[in-house]
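Work through the exercises below with the sequence and the structure open beside you. Try each task on your own before you read its solution.

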Amino acid sequence: MTLHLPDAHGALRAYEPRTEPLALTPGAPFTSRRVFSAAHVVADPYADTTPDSPAAVDWDATLAFRRHLWSHGLGVAEAMDTAQRGMGLDWAGAAELIRRSAAEAKAAGGRIACGVGTDQLTGPANLTEVRAAYEEQLAVVEESGAQAILMASRALAAAARGPEDYQEVYGHLLRQAAEPVILHWLGPMFDPALEGYWGSSDLDAATDTFLDVIAAHPDKVDGIKVSLLDAQREIDLRRRLPKGVRCYTGDDFHYPELIAGDEQGFSHALLGIFDPLGPLAAQAVRVLDTGDREGFRALLDPTVELSRHLFQAPTRFYKTGVVFLAWLAGHQSHFTMVGGLQSARSLPHFARAYELADTLGLFPDPKRAEERMRNLLSLYGVDR
C-alpha cells in the first residue's frame, strides 16, 4: 500500500508504510532518572471558535492522554509551552487544566508538575504586577497538590532592567514557595520574547545570574529545566549546580546523550518530544535503569532525527507536529488545535514527520495512521 509523500521541493516520493508497531507495554516509574513528558492539550473540534477566542478543550481526550503517559511510568509536566501556553491557551484555560490534571494524577497515582507563569498579564506590566501574577498562579498549583515549575515570563523579560530584577522576583517567589520548585530557562528559539532572560543576552552572564538565584535558595529548588538546545552549555551548567539540585534537560536535540550522562553526572528529563515518544522513551529509560547506557542509546538515538524535524525553526511551532502525531497514533480523533495552530506547518513537514515516526514504529495501529495520512494528503490535493 504505497503512499506518495510530498517533499520540500514539491515532488512526490514513494513510501511503503510498516505493518507492525513496536511492542511497547506499560510499566512502573523509573529508578535511575526522573522523567517528565510535557503534554499537549486536545482541542474540541466541534467548538465554534476563532484563533482569538478562549481555548475550547476536549477534556476527556486531554486527560486520557495523561493517563496514557502515567501508565508508562512517565511524569506529566502540565500547562507548559507544549500545552500552548501563550499560543492559544490562556491563563483561565491553563488554571482549569492544572486543577483537572492534578486531580487525575492523584487518582492515577501519577507524578505531576505544573507551569507557573504570568500569562494573565495582557499588556505592559511593572515588576510588582509581574510578581503578583506569578503569586496567583503559584497559589493555584500549590492548592492543586502539584509541584510548581516557575516558567520563564515574557512580562518579566520586558519589565526587568537587569539581573537584579530577576534576583528580586525569583527570590521572593522561592522564599514563599511551600515546596521545592523547578526553575525553567526557556531560550528565545522557543519564544523570541524571552531574549535576554536573566538580564543579559550574553549566556555566560545569564548563567551566572541563574546560578546566583539557585545558590541563594538551594533548599527551595528541586531542579532546573534547561531548554537552550546547547548540550555543552547544559553539561557545564549542571556541573555547577549545588548538591541535590537536579538538572532536567529540555534539549530536544541532544536528549539521549544528556540523559545517559558521563562520569561526572547526568540530566533528568522534562521534554516536549517525550509526548509523541512516551512509550518508547519509557522503555529506553527502563533499560538505563539496569545500567545499560549502550542499550538506552540504541533505543533513543534513532528518535533524534524525528525530534529535530519537529523542533526545526521556527521552533515554537513544534506543537503542531506533536499534535499531528497524536492524531495519527489514535490518541485523538481529529487534527484540530487550540488557536488553529494545525496550520503552522506545511504538508511536506507533516509527510516527513509521518515517515520518520512510522519508521520508528511509534504508531500502535500503523494501518490507522496510514489511513489518516492518506486523508490528509487527499485534503491537500494529493490524489494518489
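This is a predicted model: local features need pLDDT of at least 70, side-chain atom pairs count only at pLDDT 80 or more; totals for chains, interfaces and linings use all residues.

**Exercise 1.** Determine how helix 9 and helix 10 are oriented to each other, and which residues meet where they are in contact.

*Solution.* Begin with the general idea that two packed helices are described by the angle between their axes and the distance between the axes. Here the axes of helix 9 (residues 278-289) and helix 10 (residues 293-300) come within 7 Å, and they cross at roughly 170°. Since angles over 145 degrees count as roughly antiparallel, helix 9 is therefore roughly antiparallel to helix 10. The handedness of this crossing is left-handed. Next, list the contact: helix 9 contributes L280, A281, Q283, A284, V285, V287 and L288, which meet R293, G295, F296, L299 and L300 of helix 10. Sorted by class, the residues in this contact are nine nonpolar, two polar and one charged.

**Exercise 2.** Decide whether strand 5 is buried or exposed, and find which strands pair with strand 5.

*Solution.* First look at the strand itself: five of the five residues of strand 5 (residues 112-116) are buried, so strand 5 is largely enclosed by the rest of the structure. Taking the faces in turn, I112, C114 and V116 are buried on one side, and A113 and G115 are buried on the other.

Then follow the pairing. Strand 4 (residues 75-78) pairs with strand 5 in the parallel sense over three bridges, and E78 has C114 as its bridge partner in strand 5. Strand 5 also pairs with strand 6 in the parallel sense, over four bridges, where the partner of C114 is A148.

Finally, strand 6 (residues 147-150) has both faces covered, with Q147 and I149 buried on one side and A148 and L150 buried on the other.

Technical notes:
Residues are numbered from 1 along each chain as its sequence is written. Side-chain values use heavy atoms; hydrogens and water are left out. Axes are lines fitted to C-alpha atoms, for helices over the stretch in contact, and angles run from 0 to 180 degrees between N-to-C directions. Helices (H or I, at least four residues) and strands (E, at least two) are DSSP runs, numbered from the N terminus. Angles under 35 degrees count as roughly parallel, over 145 as roughly antiparallel, 65 to 115 as roughly perpendicular and the rest as oblique. A crossing is left-handed if the near helix is turned anticlockwise from the far one by less than a right angle, and right-handed if clockwise. Contact means heavy atoms within 4.5 Å. Ala, Val, Leu, Ile, Met, Phe, Trp, Tyr, Cys and Pro count as nonpolar, Asp, Glu, Lys and Arg as charged, and the others, Gly among them, as polar. Buried means under 20% relative accessible area, exposed over 50%, partly exposed in between (1.4 Å probe, protein chains only). Two strands pair if DSSP finds at least two bridges between them.
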